[in-house]
Amino acid sequence: MPERKRLVAGNWKMNGLQADGVALARAVAARVGERHACELLVCPPATLVTAVGAALAGSGVGLGGQDCHAAASGAFTGSISAEMLKDAGCSHVIVGHSERRHGHGESDADVCAKAAAAWRAGLVAIVCVGETRAEREAGQAVEVVSAQLAGSLPDGASAARLVVAYEPVWAIGTGLTPTSADIAAMHAAIRGRIPPATRILYGGSVNPGNAAEILALAEVDGALVGGASLKAEDFRAIAEACR
Ligand code: 13P
(Lines give C-alpha, C1' and ligand atoms only; values in the text may rest on other atoms or scores of the structure.)
Protein backbone atom coordinates (compact mmCIF):
# COMPACT_ATOMS: atom_id res chain seq x y z
CA MET A 1 0.00 0.00 0.00
CA PRO A 2 1.46 3.39 -0.97
CA GLU A 3 1.93 5.79 1.91
CA ARG A 4 -1.27 7.54 2.92
CA LYS A 5 -3.55 5.94 0.38
CA ARG A 6 -6.80 7.79 0.75
CA LEU A 7 -9.55 6.21 2.80
CA VAL A 8 -13.25 6.90 2.47
CA ALA A 9 -15.15 5.33 5.34
CA GLY A 10 -18.92 5.18 5.76
CA ASN A 11 -20.27 5.33 9.30
CA TRP A 12 -23.80 4.01 9.03
CA LYS A 13 -24.49 4.80 12.69
CA MET A 14 -27.73 3.26 14.03
CA ASN A 15 -29.35 2.77 10.65
CA GLY A 16 -30.49 -0.27 8.75
CA LEU A 17 -32.27 -3.57 9.20
CA GLN A 18 -30.85 -6.73 7.65
CA ALA A 19 -32.42 -6.27 4.23
CA ASP A 20 -31.45 -2.56 3.99
CA GLY A 21 -27.89 -3.19 5.10
CA VAL A 22 -27.29 -6.06 2.73
CA ALA A 23 -28.84 -4.12 -0.16
CA LEU A 24 -26.69 -1.07 0.61
CA ALA A 25 -23.54 -3.16 0.92
CA ARG A 26 -24.26 -4.89 -2.38
CA ALA A 27 -24.90 -1.54 -4.05
CA VAL A 28 -21.64 -0.11 -2.67
CA ALA A 29 -19.71 -3.18 -3.80
CA ALA A 30 -21.29 -3.08 -7.26
CA ARG A 31 -20.53 0.58 -7.79
CA VAL A 32 -16.93 0.58 -6.71
CA GLY A 33 -15.78 -2.62 -8.36
CA GLU A 34 -12.13 -3.28 -7.65
CA ARG A 35 -10.57 -0.31 -9.39
CA HIS A 36 -10.99 2.61 -7.06
CA ALA A 37 -8.54 5.36 -6.30
CA CYS A 38 -9.00 5.09 -2.56
CA GLU A 39 -9.51 2.48 0.09
CA LEU A 40 -13.16 2.06 1.02
CA LEU A 41 -14.63 0.97 4.32
CA VAL A 42 -18.14 0.65 5.68
CA CYS A 43 -18.98 0.56 9.37
CA PRO A 44 -22.46 -0.88 9.82
CA PRO A 45 -24.27 -1.33 13.12
CA ALA A 46 -23.08 -4.42 15.00
CA THR A 47 -26.17 -6.44 14.12
CA LEU A 48 -25.29 -6.13 10.43
CA VAL A 49 -21.54 -6.70 10.52
CA THR A 50 -21.67 -10.36 9.54
CA ALA A 51 -24.28 -9.99 6.81
CA VAL A 52 -22.62 -6.89 5.37
CA GLY A 53 -19.25 -8.66 5.44
CA ALA A 54 -20.75 -11.50 3.40
CA ALA A 55 -22.30 -9.04 0.94
CA LEU A 56 -18.96 -7.26 0.50
CA ALA A 57 -16.88 -10.40 0.10
CA GLY A 58 -14.42 -10.09 -2.76
CA SER A 59 -15.31 -6.43 -3.43
CA GLY A 60 -12.24 -4.92 -1.80
CA VAL A 61 -14.47 -2.79 0.43
CA GLY A 62 -13.43 -3.16 4.07
CA LEU A 63 -15.57 -3.68 7.14
CA GLY A 64 -15.38 -1.81 10.42
CA GLY A 65 -17.15 -1.56 13.76
CA GLN A 66 -18.50 1.71 15.20
CA ASP A 67 -17.24 1.25 18.76
CA CYS A 68 -15.78 -1.41 21.03
CA HIS A 69 -15.36 -2.11 24.71
CA ALA A 70 -11.88 -1.90 26.21
CA ALA A 71 -12.03 -5.42 27.62
CA ALA A 72 -11.71 -8.56 25.50
CA SER A 73 -14.66 -10.26 27.18
CA GLY A 74 -16.58 -10.25 30.43
CA ALA A 75 -19.65 -9.05 32.28
CA PHE A 76 -20.36 -5.95 30.19
CA THR A 77 -23.98 -6.26 29.15
CA GLY A 78 -24.70 -4.75 25.79
CA SER A 79 -21.07 -4.17 24.83
CA ILE A 80 -18.98 -5.65 22.04
CA SER A 81 -15.25 -6.28 22.20
CA ALA A 82 -12.65 -5.54 19.57
CA GLU A 83 -11.93 -9.27 19.46
CA MET A 84 -15.59 -9.92 18.59
CA LEU A 85 -15.45 -7.40 15.76
CA LYS A 86 -12.27 -8.96 14.44
CA ASP A 87 -13.87 -12.39 14.67
CA ALA A 88 -16.88 -11.09 12.70
CA GLY A 89 -14.61 -9.96 9.86
CA CYS A 90 -13.77 -6.36 10.74
CA SER A 91 -10.41 -4.79 9.99
CA HIS A 92 -11.15 -1.40 11.60
CA VAL A 93 -13.11 0.10 14.46
CA ILE A 94 -14.15 3.70 15.09
CA VAL A 95 -13.44 4.87 18.65
CA GLY A 96 -14.13 8.20 20.30
CA HIS A 97 -16.84 9.32 17.90
CA SER A 98 -18.41 12.51 19.22
CA GLU A 99 -21.73 10.70 19.59
CA ARG A 100 -19.90 8.43 22.08
CA ARG A 101 -17.85 11.18 23.72
CA HIS A 102 -20.79 13.54 24.14
CA GLY A 103 -23.78 11.18 24.08
CA HIS A 104 -22.25 8.51 26.32
CA GLY A 105 -19.82 10.56 28.37
CA GLU A 106 -16.67 8.89 27.09
CA SER A 107 -13.44 10.53 28.22
CA ASP A 108 -10.11 10.67 26.44
CA ALA A 109 -8.95 7.88 28.79
CA ASP A 110 -11.90 5.71 27.74
CA VAL A 111 -11.11 6.33 24.08
CA CYS A 112 -7.44 5.56 24.70
CA ALA A 113 -8.36 2.21 26.30
CA LYS A 114 -10.60 1.38 23.36
CA ALA A 115 -7.88 2.21 20.84
CA ALA A 116 -5.49 -0.04 22.76
CA ALA A 117 -8.15 -2.77 22.69
CA ALA A 118 -8.46 -2.37 18.94
CA TRP A 119 -4.72 -2.90 18.54
CA ARG A 120 -4.73 -5.84 20.92
CA ALA A 121 -7.33 -7.48 18.66
CA GLY A 122 -5.44 -6.63 15.48
CA LEU A 123 -7.78 -3.89 14.29
CA VAL A 124 -6.94 -0.45 12.94
CA ALA A 125 -8.33 2.19 15.32
CA ILE A 126 -10.06 5.17 13.73
CA VAL A 127 -9.75 7.68 16.56
CA CYS A 128 -12.16 10.61 16.29
CA VAL A 129 -11.50 14.09 17.63
CA GLY A 130 -13.23 17.42 17.18
CA GLU A 131 -14.27 20.61 18.88
CA THR A 132 -17.75 21.88 19.73
CA ARG A 133 -19.12 25.05 18.23
CA ALA A 134 -18.53 26.95 21.47
CA GLU A 135 -14.91 25.79 21.55
CA ARG A 136 -14.37 26.90 17.93
CA GLU A 137 -16.00 30.26 18.57
CA ALA A 138 -13.77 30.73 21.61
CA GLY A 139 -10.72 30.16 19.40
CA GLN A 140 -9.86 26.94 21.23
CA ALA A 141 -10.36 24.40 18.45
CA VAL A 142 -6.71 23.44 17.95
CA GLU A 143 -6.09 23.38 21.68
CA VAL A 144 -9.10 21.11 22.30
CA VAL A 145 -8.22 18.70 19.50
CA SER A 146 -4.58 18.59 20.59
CA ALA A 147 -5.63 17.69 24.12
CA GLN A 148 -7.98 14.98 22.79
CA LEU A 149 -5.14 13.50 20.75
CA ALA A 150 -2.74 13.61 23.67
CA GLY A 151 -5.25 11.81 25.87
CA SER A 152 -6.75 9.40 23.34
CA LEU A 153 -3.74 7.86 21.60
CA PRO A 154 -2.10 4.95 23.40
CA ASP A 155 1.67 4.55 23.37
CA GLY A 156 2.87 2.67 20.34
CA ALA A 157 0.75 4.45 17.77
CA SER A 158 1.82 3.90 14.18
CA ALA A 159 0.46 4.69 10.73
CA ALA A 160 -0.27 1.00 10.18
CA ARG A 161 -2.81 0.76 12.96
CA LEU A 162 -4.06 4.29 13.48
CA VAL A 163 -6.29 6.60 11.48
CA VAL A 164 -7.29 9.95 12.96
CA ALA A 165 -10.67 11.43 12.03
CA TYR A 166 -11.19 15.14 12.57
CA GLU A 167 -14.91 15.65 13.01
CA PRO A 168 -16.01 19.03 14.33
CA VAL A 169 -19.02 18.24 16.53
CA TRP A 170 -20.99 21.14 15.09
CA ALA A 171 -20.47 19.90 11.52
CA ILE A 172 -21.87 16.40 12.11
CA GLY A 173 -25.27 15.93 10.55
CA THR A 174 -25.87 19.66 10.26
CA GLY A 175 -24.94 20.42 6.67
CA LEU A 176 -22.35 22.86 8.04
CA THR A 177 -18.64 22.49 7.37
CA PRO A 178 -15.62 24.52 8.43
CA THR A 179 -14.00 26.67 5.77
CA SER A 180 -11.37 24.93 3.68
CA ALA A 181 -8.76 27.09 5.41
CA ASP A 182 -9.98 25.93 8.82
CA ILE A 183 -9.96 22.26 7.79
CA ALA A 184 -6.45 22.61 6.34
CA ALA A 185 -5.19 24.41 9.44
CA MET A 186 -6.60 21.77 11.77
CA HIS A 187 -5.22 18.90 9.70
CA ALA A 188 -1.80 20.56 9.67
CA ALA A 189 -1.97 20.91 13.45
CA ILE A 190 -2.96 17.26 13.84
CA ARG A 191 -0.19 16.16 11.47
CA GLY A 192 2.42 17.50 13.84
CA ARG A 193 1.02 15.46 16.73
CA ILE A 194 0.73 11.95 15.28
CA PRO A 195 3.18 9.40 13.85
CA PRO A 196 4.45 10.11 10.33
CA ALA A 197 2.29 8.78 7.46
CA THR A 198 -0.80 8.35 9.67
CA ARG A 199 -3.91 9.13 7.69
CA ILE A 200 -6.15 11.99 8.79
CA LEU A 201 -9.76 11.90 7.63
CA TYR A 202 -12.17 14.81 7.68
CA GLY A 203 -15.74 14.10 8.77
CA GLY A 204 -18.84 16.22 9.18
CA SER A 205 -21.44 16.84 6.45
CA VAL A 206 -19.27 15.47 3.64
CA ASN A 207 -21.43 15.02 0.54
CA PRO A 208 -20.95 14.63 -3.22
CA GLY A 209 -21.07 18.41 -3.62
CA ASN A 210 -18.25 19.32 -1.24
CA ALA A 211 -16.10 16.17 -1.28
CA ALA A 212 -13.76 17.19 -4.11
CA GLU A 213 -12.84 20.49 -2.47
CA ILE A 214 -12.31 18.92 0.94
CA LEU A 215 -10.37 15.92 -0.35
CA ALA A 216 -8.05 18.21 -2.33
CA LEU A 217 -6.84 19.97 0.82
CA ALA A 218 -3.32 19.37 2.08
CA GLU A 219 -3.15 16.76 4.83
CA VAL A 220 -6.69 15.51 4.17
CA ASP A 221 -6.28 11.80 3.49
CA GLY A 222 -9.91 10.86 3.14
CA ALA A 223 -13.32 11.24 4.68
CA LEU A 224 -15.47 9.73 7.39
CA VAL A 225 -18.97 9.97 5.99
CA GLY A 226 -22.21 9.65 7.93
CA GLY A 227 -25.52 10.45 6.24
CA ALA A 228 -24.21 10.37 2.67
CA SER A 229 -22.81 6.87 3.21
CA LEU A 230 -26.37 5.54 3.47
CA LYS A 231 -26.88 6.19 -0.24
CA ALA A 232 -24.64 4.01 -2.40
CA GLU A 233 -24.60 6.56 -5.22
CA ASP A 234 -23.51 9.40 -2.92
CA PHE A 235 -20.86 7.25 -1.27
CA ARG A 236 -19.53 6.28 -4.71
CA ALA A 237 -19.47 9.94 -5.77
CA ILE A 238 -17.46 10.87 -2.67
CA ALA A 239 -15.03 8.03 -3.38
CA GLU A 240 -14.71 9.25 -6.96
CA ALA A 241 -13.76 12.69 -5.64
CA CYS A 242 -10.48 11.13 -4.42
CA ARG A 243 -9.24 11.08 -7.99
P1 13P B 1 -22.47 13.29 8.71
O2 13P B 1 -21.68 12.96 7.47
O3 13P B 1 -23.88 12.76 8.66
O4 13P B 1 -22.36 14.71 9.07
O5 13P B 1 -21.79 12.46 9.91
C6 13P B 1 -20.42 12.52 10.06
C7 13P B 1 -20.01 11.52 11.04
O8 13P B 1 -20.33 11.62 12.22
C9 13P B 1 -19.22 10.38 10.57
O10 13P B 1 -18.69 9.65 11.62
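Axes are lines fitted to C-alpha atoms, for helices over the stretch in contact, and angles run from 0 to 180 degrees between N-to-C directions. The model shown is predicted: local features need pLDDT of at least 70, side-chain atom pairs count only at pLDDT 80 or more, and totals for chains, interfaces and linings use all residues. Residues are numbered from 1 along each chain as its sequence is written, and side-chain values use heavy atoms, with hydrogens and water left out.

**View A. Helix α1 beside helix α10 (residues 232-240).** Helices (H or I, at least four residues) and strands (E, at least two) are DSSP runs, numbered from the N terminus. The axes of α1 and α10 cross at roughly 35 degrees and come within 9 Å. This crossing is right-handed; a crossing has that hand if the near helix is turned clockwise from the far one by less than a right angle, and is left-handed if anticlockwise. From α1, Leu 24, Ala 27, Val 28 and Arg 31 take part in the contact, and from α10, Ala 232, Glu 233, Phe 235 and Arg 236; contact means heavy atoms within 4.5 Å. The contact of α1 with α10 comprises 5 nonpolar, no polar and 3 charged residues. In these classes, Ala, Val, Leu, Ile, Met, Phe, Trp, Tyr, Cys and Pro count as nonpolar, Asp, Glu, Lys and Arg as charged, and the others, Gly among them, as polar.

**View B. Helix α1 (residues 18-32) against helix α2 (residues 49-56).** The two helices pack at an angle of about 30 degrees, and their axes lie 8 Å apart. The helix α1 is therefore roughly parallel to α2, a term for angles under 35 degrees, whereas over 145 counts as roughly antiparallel, 65 to 115 as roughly perpendicular and the rest as oblique. In α1, Gln 18, Gly 21, Val 22, Ala 25, Arg 26 and Ala 29 meet Ala 51, Val 52, Ala 55 and Leu 56 of α2. By class, 7 nonpolar, 2 polar and 1 charged residues form the contact of α1 with α2.

**View C. Helix α5 (residues 108-121) and helix α7 (residues 141-152).** Here the axes are 7 Å apart and the packing angle is about 50 degrees, so α5 and α7 are oblique to each other. Their crossing is right-handed. Asp 108, Ala 109, Val 111, Cys 112 and Ala 115 of α5 make the contact with Ala 147, Gln 148, Gly 151 and Ser 152 of α7.

**View D. The largest pocket.** This pocket holds about 570 Å³ of space. On a 1 Å grid over the protein atoms alone, a pocket is an open set of points with protein on both sides within 12 Å along at least five of seven lines, a cavity is a set where a 1.4 Å probe fits but cannot get out, and lining residues have an atom within 4 Å of a point. Among the 22 lining residues, Ala 46, Gln 66, Asp 67, Arg 100 and His 104 are the closest to the centre of the largest pocket. Its lining has 8 nonpolar, 8 polar and 6 charged residues.

**View E. The largest cavity.** The whole structure contains 1 cavity of 30 Å³ or more. Residues lining the largest cavity include Gly 96, His 97, Cys 128, Gln 148 and Glu 167. At least two lining residues come from each of α4 (98-101) and β5 (124-129).

Technical notes: Points joined across faces, edges and corners; volume = space filled by probe spheres on them.
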